[in-house]
Amino acid sequence: MTRRSPITHLPLVGAVLLAACAGGDGVKTGVTPPETRWRLVTTAQDRDRLRNWRNAWVDALPRATAADPAAIRAGGALFDPDRALGNAMPPTGDYRCRTFKLGAQRPEFRDFTAYPWFNCKIGHRGEMPSLAKLDGAQRPVGRLYAETDSRVIFLGALELGDETVPLAYGIDERRDMAGYVERIGTQRWRLVLPWPTFESQLDVIELIPG
């Protein structure tokens with residue numbers, strides 16, 4: 001397993017941006033707001049994942065549909081890659097969430113797997129909105145970056161088993177996770193994770209307040 005040192009230069013990057021963008025009267029102009037800083041911290045692996053998100057859908061969805069057509073039909077907008085609505089950032093609070101794995105990476109895995117409901121939370125980590133799956137054996141935990149009105153970037157890491165301290169993003173590339181949050185209904189969101197490291201070609205996590 002490849003491990004990398006934590007990213008330690010980000011505060012310096014922020015300081016340089018602030019200094020460079022401050023006018024003579026001390027008023028800051030052009031400073032990168034925190035919600036758009038995902039491009040400064042994203043790894044090359046995850047830039048590729050985010051760039052090729054549609055390829056993951058194209059590869060995984062037909063295989064999942066062949067494996068369980070009734071479940072894909074029942075999901076409706078959940079499994080439609082082009083169903084994103086505006087106001088994508090989910091409000092802070094408690095959520096129910098369930099994970100669907102589409103398209104097997106290897107023959108021993110299934111092309112469609114549906115997991116039961118678990119608990120998730122939208123909160124804050126420092127100045128940033130965050131998303132955390134609170135229970136289950138595989139728990140994505142990370143920050144949310146507002147890219148557009150209809151899409152929020154998720155960068156985080158996978159917490160496993162009985163671990164109690166979330167792994168920071170950028171420490172272990174096999175545990176890093178990158179995807180996007182979209183609103184697909186009045187009170188319905190999804191976290192889409194293209195090309196996850198383990199098992200599937202695409203993970204879709206449904207979130208509803210609860």
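## Close-up views of rings and strands

**View 1. F79 and F100 are both buried.** Here, buried means under 20% relative accessible area, while exposed means over 50% and partly exposed covers the values in between (1.4 Å probe, protein chains only). You are looking at a predicted model, in which local features need pLDDT of at least 70, side-chain atom pairs count only at pLDDT 80 or more, and totals for chains, interfaces and linings use all residues. Residues are numbered from 1 along each chain as its sequence is written, and side-chain values use heavy atoms, with hydrogens and water left out.

View 2. Rings of Phe, Tyr and Trp (its six-membered ring) pair if their centres lie within 6.5 Å; planes under 30 degrees apart count as stacked, over 60 as edge-to-face and the rest as tilted. This rule gives five aromatic pairs. F79 belongs to the loop between α5 (69-75) and β1 (93-104) and F100 to strand β1, so their pair ties together parts 21 residues apart in sequence. Helices (H or I, at least four residues) and strands (E, at least two) are DSSP runs, numbered from the N terminus. F79, F100 and F112 form one aromatic cluster.

**View 3. Y95 and W189 are both buried.** What is the angle between the planes of Y95 and W189? The planes lie at 85 degrees with the ring centres 6.0 Å apart, so the pair of Y95 and W189 is edge-to-face. Y95 is in strand β1 and W189 in strand β8 (residues 188-194), so this pair ties together parts 94 residues apart in sequence.

**View 4. R96 lies over the face of W117.** A charge sits over a ring if NZ of Lys or CZ of Arg is within 6 Å of the ring centre and within 35 degrees of the ring normal. For R96 and W117, the distance from the ring centre is 4.3 Å. Likewise, the charged end of R151 sits over the ring of W53, 4.6 Å from its centre.

**View 5. Strand β8 pairs with β7 and with β9.** Two strands pair if DSSP finds at least two bridges between them. Strand β7 (residues 176-185) runs antiparallel to β8, joined by five bridges, and G185 stands opposite R188 in β8. Six antiparallel bridges link β8 to β9 (residues 200-209), where I205 is the bridge partner of L191. Six of the seven residues of β8 are buried, so this strand is largely enclosed by the rest of the structure.
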